[in-house]
Amino acid sequence: MRTEQSKTIYLKDYQVPDYLIDETHLTFELYEDHSLVHAQLVMRRNPEAGAGLPKLVLDGQQLELLELKLDDRELGEGDYSLTDSHLSLQPTQERFVPQDHLLPRPPGRDEQVHYHGQRRTACLPGAAVQR
């Protein structure tokens with residue numbers, strides 16, 4: 001059960017996102033006892049965000065990462081960072097395609113379910129706020 005208070009985010013705190021998503025492809029495999037999610041994002045550097053290639057940070061909760069690719073190259077554990085709520089990886093070019101295969105973990109029996117968009121279905125970019 002979530003116990004933290006919601007944080008107020010003001011318009012003045014928003015900044016342009018580092019990357020833009022041109023296409024999103026989601027495929028769901030539904031089984032009796034689990035489901036699998038295959039996500040592919042066609043992304044590019046936001047020209048309004050400045051120079052360089054910052055890390056891409058994707059938000060996701062209660063997801064087990066089964067496979068991660070960047071431009072059809074499978075990434076090993078040393079190529080990305082994974083926490084309970086974020087997946088971070090380093091793009092190597094301005095246009096790129098991250099792909100992941102995920103196993104959503106259902107909440108525990110006593111856990112209250114709070115779905116916020118797709119956060120428990122796929123790893124997606126979070127709000128463009130200063131972190």
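Predicted model: local features only at pLDDT ≥ 70, side-chain atom pairs only at ≥ 80, totals over all residues.
Tyr14 is found in the segment before strand E1, which covers 19-30. Together with Ile9 and Leu11, Tyr14 makes a nonpolar surface patch of about 340 Å².

I turn now to the aromatic rings. How many aromatic pairs does the count come to? The count comes to 1 aromatic pair. Its members are Tyr19 and Phe96, with ring centres 5.1 Å apart and planes at 85°, so the pair is edge-to-face. Distant parts of the chain are linked by this pair: Tyr19 belongs to strand E1 and Phe96 to strand E8, residues 95-96, and the two are 77 residues apart.

Are these two residues buried or exposed? Tyr19 counts as buried because its relative accessibility is 7%. Phe96 likewise counts as buried, since its value is 1%. Tyr19 has a further neighbour to note: Arg45 lies over the face of the Tyr19 ring, at 5.6 Å from the ring centre.

Finally, the nonpolar core. The largest one holds 16 residues, and those that touch the most other members are Leu56, Leu68, Tyr80 and Leu89. Which strands each supply at least two residues of this core? They are strand E2 (35-45), strand E3 (56-59), strand E4 (63-70) and strand E7 (86-89). E4 provides the largest share, with 4 residues.

Conventions: Residues numbered from 1 in each chain as written. Heavy atoms only, no water. Patch = residues over 30% accessible without salt bridge, like charges linked within 9 Å, V, L, I, M, F, W, Y side chains within 5 Å. Areas by Shrake-Rupley, 256 points an atom, 1.4 Å probe, with all protein chains shown as cover. Salt bridge = Lys/Arg side-chain N within 4 Å of Asp/Glu carboxyl O. Phe/Tyr/Trp six-rings, centres within 6.5 Å; stacked < 30°, edge-to-face > 60°. Buried < 20%, exposed > 50% of the residue type's maximum accessible area, 1.4 Å probe, protein only. Lys NZ or Arg CZ within 6 Å of the ring centre and 35° of its normal. Core = buried A, V, L, I, M, F, W, Y, C linked by side-chain atoms within 4.5 Å.
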